[in-house]
Structure formats: structure tokens, C-alpha cells
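Grab a pencil and work through these exercises with the structure open beside you. Each task is followed by a solution that goes step by step.

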Amino acid sequence: MDKNLQEEEFTQIIKFKPSLNKQRHQFVRDLVEKYKPKKVADLGCADCSLLRMLKFSSCIEVLAGLDICASVMKEKMHTLSPLPVDYLQPSERSLTVTLYHGSVAHKDPCMLGFDLVTCIELIEHLEESELKKFPEVVFGFMAPRIVVISTPNSEFNPLLPRVMLYRHPDHKFEWNQAQFQSWALETARCYDYSVEFTGVGHPPTGMEKIGFCTQIGVFVRKHPQTGESVQAEKPTEAVYKTVFKAVYPSLKDEKYLQNAVIGEVMFTAQIIKHRLMSKCEEYGDDPEKKSKFQPSMDCFSDYLGKLVIEKNMEPFVSGNEVYIPLARIFSFPKVNRLCGTFEKLCKLIAGKVTLSSDGSAVMLNTEPENEDN
């Protein structure tokens, strides 16, 4: 049975709202918001529910999940794939999500370089031999800046009526507060981390001494890890098997950036065109107003070369063509943010957008049926 489903069964009388699982995930999310890690690994990721939530965190660029049970990951891994909207509106950040099949008792170089490692309701599922290796793998080898470990608090179990020994049949042990803190403090001391204790799932009023239903340790590395220490421990070959990988579309990729810029340039150009044509129609029957608004139509050909070459910020009409200077389009915040420089804008739209002869203005037809670009 899924560990979260079984947990919901025996916590119905206590009525945790939201559920303990959601509270644990929210705890991690709050931690991500605080520390802004770029690379996050979830050990014991199971159904990938935590990864699905974290993929929306704007600071994260690399997400990895590891679990000993490949079938559970494969059931839900499709939920980590990009959606159509991700291609239509690529994010400004890059994001790669990878799932690995393997044991937390083994070292693999694919798990190096992470800022945050989460171990949510994991350690109680480890055999004694695996638990002994776990600190060296996570704190010694992986050595992330932050490690979050959550585990059941056995002192809370008497309040859960359906719990006989352990909360889940696969649990190998469940620690009380003193046992967890003793293990965590010793681990932190050995690998030069500090650790703070907290939890989720508050006990009933008057029973605060029994602690949280789920106890949590947040480990923070005291000193930066050196490259030499990582290289000294790196195994010669990978031991984990990749079962899923998704690379999300990003504006950091030139092809997605170009599509976004072209779309925004044409959208902006159409807005400017509509405003210009509306004014033309407004002044069309009044020669005096029209002359104040723009040079006469007969004079447009004389002004065309000069205006375009000088990259005049004002759009204008000549015959059946509307000219919107790129300098004007570049002044719009979104176009400016996407391109960064005027030169970059010109490079990205070259050959993709119809421009004036010297390439300094977007050309649109005055006819509405030609606005499909």
C-alpha cells in the first residue's frame, strides 16, 4: 500500500489539515523559497509528488529523483513531462528533470553538485546495513549545502489508533525524538554540518511534550565543499539507471528565444499599426489635422529614406505599407527584456520578419487581411 494513503487512514481521527504529506511538502517548498537552490534531489521520491510541486519553483533549474522501486516512479513519471503550454510560453529559466533507479546506499556521480537534498519519510525504510552507509553517501559524498530529513516520531504513535507497531509495514524502525536527534547530531558532527529540529503535525493541546507527528531535521553544511574532496570520492562509473529525463523548453535556448521574440515583435508591431491607422482614419477627412499629425501622403516617399535610416521612433504609412521602426518596438519592456540589446533583436528577427530595405523597420501591409503574421 502507498505510504501516504495508509498514513491518511490512521490519521483520520487526529484530523491533520492539510494532510501530513502536504504539510511535509509545504515545509520543503518554504525551504526552497528561503534558500533558492538551483539543483534539488529528492531521495526516495516514490510517486514523484514532491518533484511535481517543486518543478514550479522558479529558482530550480535541475530536479532529480531517486528511488529503489522503479515501477512506482514509472507510474507517475509522465506527470513530470512538459505540457503544451510550456512550449507555447517557454520559461526564462532552464529546467531538467531526471529520475534514477537505485539505492541511497550506493554512490553515483550523477548525484554530485546539488544544493538541496530531501529525504522525506525515507530513512525508516532502510535496512540496518543501508542506514549505516546512508550518512557517508549523502553527507560525505553528495555533500549538498542543505539536507532535509523527515521521519515518523514514535512517541506520537499511541495517538494513532490503528498503529500496532509501526505506521507502515515496510518500516524497519521508528525513532522517538531522542533517538532521531542523537543520530542527527552525531551525523552532523561527523560531516561538519549544523542541524535544527522541527516537524509537522502538531500534537493535541496539553500533549506538546510528545512532539510533532513527523519530526524533521534540517542540516546545513558549515563550510563550502572543495572540488578536491569531491574528486577524491568520485566513483569511476555510474551505478544508477536513468528511467526518465525531461528537458523543458527555455528562453535560454536560442530557438525558443527566437520564436518568442518574433511573436512579441509582430504582436507589438500590430498594436502600433492599429493605433496609427486609427489616427489616420480620425484625421482622414480633416486636411488641417492630418497635416499636423503627419506629412502629406505625397511627401511620404521623400521622407521614407531619411526616417528609416535615422531609426525614427515614430511609425508612418507609405502607400500600402506601414513602417514601424525597430527602435520603437525595442522600447517596449517585454521586447527589451527578451533581447537585452538592439543588436540581439536585429539578429533574432533577421530573415524571419519582413523589414524595410535597410532593415531598420518592420513592414506591414495596411490591409487587415494581411495581419496573420
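Let us begin with an overview: the chain has 14 helices and 11 strands. Keep in mind that this is a predicted model.

**Exercise 1. The chain as a whole**

Task: Find what share of the 373 residues in the chain is buried, and what share of the accessible surface belongs to carbon and sulfur atoms.

Solution: 
- Step 1. A residue counts as buried when its relative accessible area is under 20%. Of the 373 residues, 46% are buried.
- Step 2. Now look at contacts with a separation of 6 or more: 73% of them join residues 24 or more positions apart.

**Exercise 2. Two sides of a helix**

Task: Decide which residues of α7 are buried, and which exposed residues sit on the face turned away from them.

Solution: 
- Step 1. Start with the helix itself. With 14 residues, α7 spans 20 Å from its first C-alpha to its last, close to the 20 Å expected at 1.5 Å a residue.
- Step 2. List the buried residues of α7: Phe180, Trp183, Ala184, Thr187 and Ala188. They lie on the same side of α7, because the arc they cover around the axis is only 130°.
- Step 3. Look at the opposite face. Ala178 and Arg189 are the exposed residues there, turned away from the buried side of α7.
- Step 4. Ask what the buried residues touch. They pack against α6 (128-142), β5, β6 (193-200) and β7 (214-221).

**Exercise 3. A nonpolar patch**

Task: Name the residues that form a nonpolar patch on the surface, and say whether methionine 164 is buried or exposed.

Solution: 
- Step 1. The patch consists of Met164, Leu165 and Tyr166, which together have about 380 Å² of accessible area.
- Step 2. Locate methionine 164: this residue belongs to the loop between β5 (146-152) and α7 (177-190).
- Step 3. Check the accessibility. The cut-off for exposed is over 50%, and methionine 164 has a relative accessible area of 78%, so methionine 164 is exposed.

**Exercise 4. Charged pairs**

Task: Work out which parts of the chain are tied together by glutamate 92 and arginine 337.

Solution: 
- Step 1. The structure holds 11 salt bridges.
- Step 2. One of them joins the side chains of glutamate 92 and arginine 337, at 3.0 Å from N to O. Because glutamate 92 is in the loop between α5 (84-88) and β3 (96-101) while arginine 337 is in helix α13 (residues 333-339), the pair ties together parts 245 residues apart in sequence.
- Step 3. Consider how open the site is: glutamate 92 is partly exposed, at 46% relative accessibility.
- Step 4. Take another pair. Glutamate 314 and arginine 328 meet through their side chains in a salt bridge of 3.9 Å, N to O. Glutamate 314 sits in the loop between α11 (300-309) and β9 (316-318) and arginine 328 in helix α12 (residues 326-330), so this pair ties together parts 14 residues apart in sequence.
- Step 5. Lysine 172 and aspartate 170 also form a salt bridge, at 3.1 Å from N to O. Lysine 172 is partly exposed at 31% relative accessibility, and aspartate 170 is partly exposed at 34%.

Key:
Residues are numbered from 1 along each chain as its sequence is written. This is a predicted model: local features need pLDDT of at least 70, side-chain atom pairs count only at pLDDT 80 or more; totals for chains, interfaces and linings use all residues. Side-chain values use heavy atoms; hydrogens and water are left out. Patches are made of residues with over 30% relative accessible area and no salt bridge: like charges are joined within 9 Å, nonpolar side chains (Val, Leu, Ile, Met, Phe, Trp, Tyr) within 5 Å. Accessible areas come from the Shrake-Rupley method with a 1.4 Å probe; for residues, only the protein chains shown count as cover. A salt bridge is a side-chain nitrogen of Lys or Arg within 4 Å of a carboxyl oxygen of Asp or Glu. Helices (H or I, at least four residues) and strands (E, at least two) are DSSP runs, numbered from the N terminus. Buried means under 20% relative accessible area, exposed over 50%, partly exposed in between (1.4 Å probe, protein chains only). The expected span of a helix is 1.5 Å times one less than its number of residues. The arc is that of the directions from the helix axis to the C-beta atoms. Contact means heavy atoms within 4.5 Å.
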